[in-house]
Amino acid sequence: MTSTTRDSSHIQFCIGRDRADIAQIQELFKAAAFWARERKREDWEIAIANSEPVVTVWDGSRAIGFARATSDGIYRATIWDVAIHPDYQGAGLGRKLVQTVLSHPRMCRVERVYLMTTYKQSFYERIGFQQNASTTMVLENQLLEENLELEISNGELLTANC
């Protein structure tokens, strides 16, 4: 889709976890995001349940866009899983999707908003994001040899058995 060939005035942006149709989100990410094609329904459910805001984009009954964020509401936030179906890219819907996330009450006062992207840096730079190599570190979560067990009494950590 190009912005000159299609009217997108009928496209709806919806905020709320309850509007996230997991089956349609999985189909959207199979088409639009190589990095999330194999995600399981159960994993999507957990991710969405722990995110606010969750924004979906609809063309009638078809989910064509999605983004979610996590935030402490004041200092830091991260935008996750931004996708617009390839048939709808180029019409400004991705920009509006990110701006919708950023304008949410949980996000609009946050001091610093992070996001990770593999190949779309220039898209996010046009919205106002800047590359920042100095604050990015990653820990690939590894299974511990044994389960971590915490013993807590009256709100105090007594022991941590690894």
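Me: Among contacts between residues at least 6 apart in sequence, what share joins residues at least 24 apart?
Reply: In this predicted model, 59% of the contacts between residues at least 6 apart in sequence join residues at least 24 apart.

Me: How many helices and strands are there, and in what order do they run?
Reply: The protein has 4 helices and 7 strands. Starting at the N terminus, the order of elements is β-α-α-β-β-β-α-β-α-β-β.

Me: What is the average pLDDT?
Reply: The average is 86, and 83% of the residues score at least 70.

Me: Where is confidence lowest, and where is it highest?
Reply: The lowest confidence is in strand β7, residues 156–161, with a mean of 61, while the highest is in β2, at 98.

Me: How many bridges join β2 to β3?
Reply: There are 6 bridges between β2 (residues 54–59) and β3 (residues 62–71), and the two strands run antiparallel. Within this pairing, Val 55 has Ala 67 of β3 as its bridge partner.

Me: What about β4 and β5, parallel or antiparallel?
Reply: That pairing is parallel, over 4 bridges. Here Ile 79 stands opposite Leu 115 in β5.

Me: How many residues of β4 are buried?
Reply: Strand β4 is mostly covered, with 7 of its 9 residues buried. For the protein as a whole, 34% of the 162 residues count as buried.

Me: Which residue other than glycine has a positive phi near 55°?
Reply: Asp 81 has that value. Asp 81 is placed in strand β4.

Me: Is Asp 81 buried or exposed?
Reply: Asp 81 is buried, since its relative accessible area is 7%, and the cut-off for buried is under 20%.

Me: Changing topic, where is there a cis peptide bond?
Reply: A cis peptide bond joins Glu 52 and Pro 53, with omega about 10°. Pro 53 lies in the loop between α2 and β2.

Me: Now the aromatic residues: how many aromatic pairs are there?
Reply: The count comes to 7 aromatic pairs. One of them is formed by Phe 29 and Trp 44, whose ring centres are 4.8 Å apart and whose planes stand at 50°, so this pair is tilted.

Me: Which parts does that pair tie together?
Reply: Phe 29 lies in helix α1 and Trp 44 in helix α2 (residues 41–49), so the pair ties together parts 15 residues apart in sequence. Both Phe 29 and Trp 44 are buried.

Me: How is the pair of Trp 44 and Phe 66 arranged?
Reply: The pair is edge-to-face, at 5.6 Å centre to centre with 85° between the planes. Because Trp 44 belongs to helix α2 and Phe 66 to strand β3, the pair ties together parts 22 residues apart in sequence.

Me: Why does Phe 66 count as buried?
Reply: Phe 66 counts as buried because its relative accessibility is 0%. For Trp 44, the relative accessibility is 2%, so Trp 44 also counts as buried.

Me: Which residues form the aromatic cluster?
Reply: Phe 29, Trp 35, Trp 44 and Phe 66 form one cluster.

Me: And what sits over the ring of Trp 44?
Reply: The charged end of Arg 39 does, 4.9 Å from the centre of the ring.

Technical notes: Residues numbered from 1 in each chain as written. Predicted model: local features only at pLDDT ≥ 70, side-chain atom pairs only at ≥ 80, totals over all residues. Heavy atoms only, no water. Pairing = 2+ DSSP bridges. Phe/Tyr/Trp six-rings, centres within 6.5 Å; stacked < 30°, edge-to-face > 60°. Buried < 20%, exposed > 50% of the residue type's maximum accessible area, 1.4 Å probe, protein only. Lys NZ or Arg CZ within 6 Å of the ring centre and 35° of its normal. pLDDT = per-residue confidence, 0-100. Contact = heavy atoms within 4.5 Å.
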